[in-house]
Amino acid sequence: MSRREGSLEDPQADSSVSLLPHLEAKIRQTHSLAHLLTKYAEQLLQEYVQHQGDPFGLPGFSPPRLPVAGLSAPAPSHAGLPLPERLRLDAAALAALPPLLDAVRRRQAELNPRAPRLLRHLEDAARQVRALGAALETVLAALGAAAHGPRPEPPATATAATAATATAAGVFPAKVLGLRVCGLYREWVSRTEGDLSQLVPGGPA
Amino acid sequence: MPAGRPGPAAQSARRPPPLLPLLLLCVLGAPRAGSGAHTAVISPQDPTLLIGSSLQATCSVHGDPPGATAEGLYWTLNGRRLAPELSRVLNASTLALALANLNGSRQQSGDNLVCHARDGSILAGSCLYVGLPPEKPFNISCWSKNMKDLTCRWTPGAHGETFLHTNYSLKYKLRWYGQDNTCEEYHTVGPHSCHVPKDLALFTPYEIWVEATNRLGSARSDVLTLDILDVVTTDPPPDVHVSRVGGLEDQLSVRWVSPPALKDFLFQAKYQIRYRVEDSVDWKVVDDVSNQTSCRLAGLKPGTVYFVQVRCNPFGIYGSKKAGIWSEWSHPTAASTPRSGEAGPGSPRATPSRGGGEPSSGPVRRELKQFLGWLKKHAYCSNLSFRLYDQWRAWMQKSHKTRNQVGRRRGPAQVGVGEGTGRGAGGKQAGEAGPQPPRHRRLPSKHRTRGSCPRADGARREVSGAGRAGGRGARRGPLPPLAAGLARNPPPCPSLRAADAQPLRLPVVVFSGVSLAW
């Protein structure tokens, strides 16, 4: 799929250009995966708060939204960006999530060793978000919308610092950090699903 | 700074949080842009405490603008606001807390103690670990499946619940040499178990123990010493088949194969059989089916479906004097006994009792069962009685001439029981000797009870109960004199091994009141 079979620049204008069936299938598949991971992310968040104890699961619990190294929540202006830019930001976020989820899993293995389901779901989340990120990169490359030049990926040192901090910090901050990471995971896969839906043929423009 | 009083072996849950060189992630209290928010630190961070102990904690506020006040701060524990009287303002920026008689932690990740600002926002948090040190694990039991591995199980101390995550580690070493080894495969047969899959030595003792560790301390079980060969178990016997015994309505034959995994090792297997009727939950157990792979169950109800299971004990591997460990029961195998009067292949015909035909008529059969039930109970020769019954039946088939000579009688009659007793079949006039079964006569194979085994207690009760109940038309009354004498002084059981070729030496059983009209 080296040729641009479609353009992300103006999907409406190029609607008459039909995407190759396999690209179309790839987009649908990636969108479906994002939809599935959105549901898994919601379940993971619920499971996570249950194991941290109250007040984590209580309604109205609002810990500080701590900044996480190399990853922030989707900006309010995200929805107003051009689709290619949105998808590139989605891909960057998906690439930053796996090491953060791994760090949370390692910490939870110490705090909740008798919660094998939670640990397994954190491990699955890291693997699944890697797969979604790779699929999205493939779609972007096929559409010629992959990032040109160095992508603003999270620096490795930042990710490592987050991982180290997750290990060294007190237990309560570590619980809050894990909650934050699970929340970011949910926000970004949901954002990816929404952005991809605009690419799916027959989907919303 | 006031701090909680940890228990005797308390460990700090975590190192104090280091300064964060990159500060890309802040502990709680990162100033929110433009909010002028404060930061706070709770001390102690993540303490470990004994149940019932007390905690003194502080929440110290720093912030922008400076001079943050402790006024309005409050505490929550696991989401519940703590009573104001438990807190007091130490100084302008510090709120103290005193908790007494702490309960065990609600979750293994620690109880969440949180310091809140006046508006409810979270300033800082600390996790409390309140529990008990582990108690000594006990009751370690181990077994080896086919001498290839070792699985051990234990009980985690007298009280079990420590409210803290407690790690159990199974250790083992060769008694006379070698280093400590740690089992790695846990929870294989329950929460407190471990499996050692390989590299185990035979003919030499192992020492095995369990170490329990949590934040408040550790405990070690007593050492168990064993040789793998003394704790061997095996698979249940495969290929269990249950079948009818011709037309015999109260018997089923059970056959099985010895477990293949241990067939190359010299051992004397012991087997155990259990059976139950289809709609019952009560199993009857046949013990001590020693080293045979077949057994006949008797005293069963006609026309009834039975479930049967067999298990094996690999007794005496490599000359060990100790019994092994019983295997699991085999999968249930079902079979039904013939209905009353139902003819089966090779079964004796149920013919009227006069002149010829089998002595399988109801009253005689019931009375024979009565007799056998009494014999089993009082003579303690359960297997003997069953074989005698078989031999008696076989002999009666061939002695119908004798039957024709027997009328209804009252009074004592002599009954020769079994082969080689030298006494005639029942129904003779007192003192007369009827035709005698020849000594040393070998019975046809279909009547030989090869592998017959003792009846279960329940089965025994079932038969003698039926005998006592008598069924319809059974006679009741005092035991005849000789029978009564036998009841007081039961004869010893003769050996039945290869009994077909040897005469049975038994006293003549004389009883009255038994109708012997065939």
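This is a predicted model: local features need pLDDT of at least 70, side-chain atom pairs count only at pLDDT 80 or more; totals for chains, interfaces and linings use all residues.

Residues are numbered from 1 along each chain as its sequence is written, chains are lettered from A and ligands numbered from 1 in the order in which they are written, and side-chain values use heavy atoms, with hydrogens and water left out. Over all chains, the structure holds three disulfides (pairs of cysteine sulfur atoms within 2.5 Å).

**Disulfide geometry**
- Cys59(B) is joined to Cys115(B) at an S to S distance of 2.0 Å, and the torsion of about -85 degrees about the S-S bond makes this disulfide left-handed.
- The sulfur atoms of Cys142(B) and Cys152(B) are 2.1 Å apart; this link is right-handed, with 110 degrees about the S-S bond.
- Cys183(B) and Cys194(B) are joined with an S to S distance of 1.8 Å, and their torsion is about -100 degrees, so the disulfide is left-handed.

**Burial** (buried: under 20% relative accessible area; 1.4 Å probe, protein chains only)
- Cys59(B) is buried, with a relative accessible area of 0%, and Cys115(B) is likewise buried at 0%.
- Both Cys142(B) and Cys152(B) are buried.
- Cys183(B) and Cys194(B) are also buried.
- Cys127(B) is buried, with a relative accessible area of 0%.
- Cys312(B) is buried, with a relative accessible area of 0%.

Conventions. Buried means under 20% relative accessible area, exposed over 50%, partly exposed in between (1.4 Å probe, protein chains only).
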